[in-house]
Amino acid sequence: QHDDNEDMLPRIAVIGAGLGGTSAAFHLRQLFGPNLQIDIFEANKVGGRTALIDIGGKEYEAGGSIIHKKNKYMVDFASRFNKSANEPSSGDMFFGLCDESGIFFQTSRWEVISLAKLFWRYGLDLYSSQHWTRSLVGEKFERIYEFQEQGIAFTTLRDMLEAMSTDFLNMTRHSLQDVLSDAGLSQRFISELAMAAMRANYGQTTEAHGFVGAVSLVGAEPGLWSVRNGNKQIAEALLKESQANLIEAEVSSVALLNSSKENENVSYEVTYKHTNSDGNITASSKQYDLVIMAAPIFGSKTKVSFVNFPHDVTPFTQDYHTTVAMFVQGTINASSFQAKTRSELPPDLLTTSAGVFFNAVGQQSPVVPDTAAGNVLDTESAVWKTFFNKVPTEEQISQLFDSRKELKLVEWLAYPEYKPKMDLPPFVLYNGLYYINAIESAASAMEMSVIGARNVALLIANQWHGHVDKINEINLPDRHNKKYDL
Ligand SMILES: Cc1cc2nc3c(=O)[nH]c(=O)nc-3n(C[C@H](O)[C@H](O)[C@H](O)COP(=O)(O)OP(=O)(O)OC[C@H]3O[C@@H](n4cnc5c(N)ncnc54)[C@H](O)[C@@H]3O)c2cc1C
Ligand SMILES: CC(C)=CCC/C(C)=C/CC/C(C)=C/CSC[C@H](N)C(=O)O
């Protein structure tokens, strides 16, 4: 246990200034007060995987774009920082499903007709699956907010999921296909709607684990929103409010300095490369008591090496999926989808089969919505985002678009490859070394990174203040052991 005397506070390094790193800094400031020294390293741009892209003179979300209305922390941050929301367009139930032979099902621009068509094709599955997703973002998922409000933190992702619901942990062990099938949903629902959601949101299939599958279905519900002017503004505002010291540099190593025993007080040397005022790249080092990794660790692609530890502190694997987001201003090729005219096509085309070379294509609104734009679906100024698992060929692009004024590609190491029974990494890699992005093995989403960040901030505060009773300790009278509570 330590006191909050200024000289006694830990010196903290945060590696990464995406939503995870900046919200960790924000929560640490709330927990420790104004005297805490926080350095936050960023190799690229504040916001990380929330970033903007300029197409035709307007800005669009290039990475994390949609937020669920029950994503409490994102909603609270937007309100705290006076950011308004871009409301979903009224046409967000208007979509088509495609396989190798083109569109095989489509809804309508009229919501009531869409509902009727969906009911005709999927019957009561629509309602069962909605009930399930509501329970995910509802009561069970909300437990994490209650725990965090009470100051409770978890050392591993496994413990966190289990505390929220044993069902959640179970869902990481089975495929989405099996979880939905056990729940009585039809194969048609699974191989069409659930598959389309997994391909559009995570570039993966219903062989991914059931927890990320459920998050993906939540992310396919109507009524999602985004931050006007760009989601990355939340990370920027968190950084500002945290008063952390931003160091624009790439961290190359984190070295354990003075301990070989895990329970002793440790300190770390963080080495980073930065560009001098004369344009030369130099390496510098700084010492810290605690280090927070707020960026994914994925084997040899990770730029940070962890040195001097008595054992491997990253023995888990987190393989990351490549998603290529292609932005095109131009006209979509209606004939490729067996449509006579472009105006017949829905603004979102989702795919259900590995035989289709793209995962989803959808018309985009800029981050500052164009009120005068109306329906620009069949005009050359429409902007489309297409997701692929690899860079498309020129021939594939021409198959999708018959004319284009501008085209830009962004290649992301986007989110983990999700498999049943995959490693669920710990939030604590070593005494004083924390890992926020462990949470992405459950599901990658903006809200998830913020939850992971608050968990790490609470862990640090609980350990610092000796509140061991608030670490992995929960008292839930209603713990149940059902397989999946659908
Ligand atoms: C194409 C795409 C679409 C998505 N869509 C959605 C969506 O619609 N809704 C949703 O909720 N989520 C979405 N996500 C997921 C969401 O964007 C991420 O889960 C979330 O933004 C991750 O935040 P983070 O801070 O944990 O990581 P990141 O945003 O990746 O931040 C990590 C930061 O660390 C920096 N960094 C890495 N290594 C170093 C180093 N060695 N030294 C210094 N800095 C370093 C990086 O530059 C980066 O800025 C999407 C992701 C992608 C890629
Ligand atoms: C964390 C919880 C409970 C809910 C989050 C639901 C959500 C917003 C999921 C989306 C996740 C994601 C990685 C989406 C990527 S693509 C989004 C969209 N289809 C697009 O085209 O931009």
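**Entry 1: ligand 2**

I began with serine 65, where an N or O atom of the side chain is 2.7 Å from an oxygen atom of ligand 2. A reminder to myself before going on: this is a predicted model.

Lysine 385 has a polar side-chain atom 2.6 Å from an oxygen atom of the ligand. Asparagine 201 puts a polar side-chain atom 3.1 Å from a nitrogen atom of ligand 2.

How much of ligand 2 does the protein bury? I found that ligand 2 exposes 600 Å² when taken alone, and that the protein buries 87% of this area.

**Entry 2: ligand 1**

I moved on to ligand 1, which is surrounded by 33 residues. The closest are Gly20, Glu42, Arg49, Ile66 and Ser449.

Which atoms of glutamate 42 and ligand 1 come together? I found a polar side-chain atom of glutamate 42 at 2.6 Å from an oxygen atom of the ligand. A polar backbone atom of leucine 19 is 3.0 Å from an oxygen atom of ligand 1, and a polar backbone atom of alanine 43 is 3.1 Å from a nitrogen atom of the ligand.

On its own, ligand 1 has 1000 Å² of accessible area, and the protein covers 90% of it. The elements that give two or more residues to this shell are α1 (19-32), β10 (250-256), β19 (401-416) and α12 (446-465). I marked β19 for the largest share, 3 residues. The classes in the shell around ligand 1 are 17 nonpolar, 12 polar and 4 charged.

I started with α3 (residues 111-122). Its axis lies 8 Å from that of α4, at an angle of about 100°, so α3 is roughly perpendicular to α4. From α3 I noted Leu118, Phe119 and Tyr122, and from α4 Asp125, Leu126 and Tyr127. This contact has 5 nonpolar residues, no polar ones and 1 charged.

Then I turned to α5 (residues 157-164). Here the angle with α4 is about 115° and the axes are 8 Å apart, so α4 is roughly perpendicular to α5.

Which residues of α4 and α5 meet? On the α4 side I listed Lys140, Phe141, Arg143, Ile144, Phe147 and Gln148. On the α5 side I have Met160, Ala163 and Met164. My class count for the contact of α4 with α5 is 6 nonpolar, 1 polar and 2 charged residues.

Definitions and conventions
Residues numbered from 1 in each chain as written. Chains lettered and ligands numbered in written order. Predicted model: local features only at pLDDT ≥ 70, side-chain atom pairs only at ≥ 80, totals over all residues. Heavy atoms only, no water. Near = heavy atom within 4 Å. Polar contact = N/O pair within 3.5 Å; in protein donor to acceptor, adjacent residues only side chain to side chain. Areas by Shrake-Rupley, 256 points an atom, 1.4 Å probe, with all protein chains shown as cover. Helix = DSSP H or I, 4+ residues; strand = E, 2+ residues; numbered from the N terminus. Nonpolar A, V, L, I, M, F, W, Y, C, P; charged D, E, K, R; others polar. Axes fitted to C-alpha atoms, helices over the stretch in contact; angles between N-to-C directions. Parallel < 35°, antiparallel > 145°, perpendicular 65-115°, else oblique. Contact = heavy atoms within 4.5 Å.
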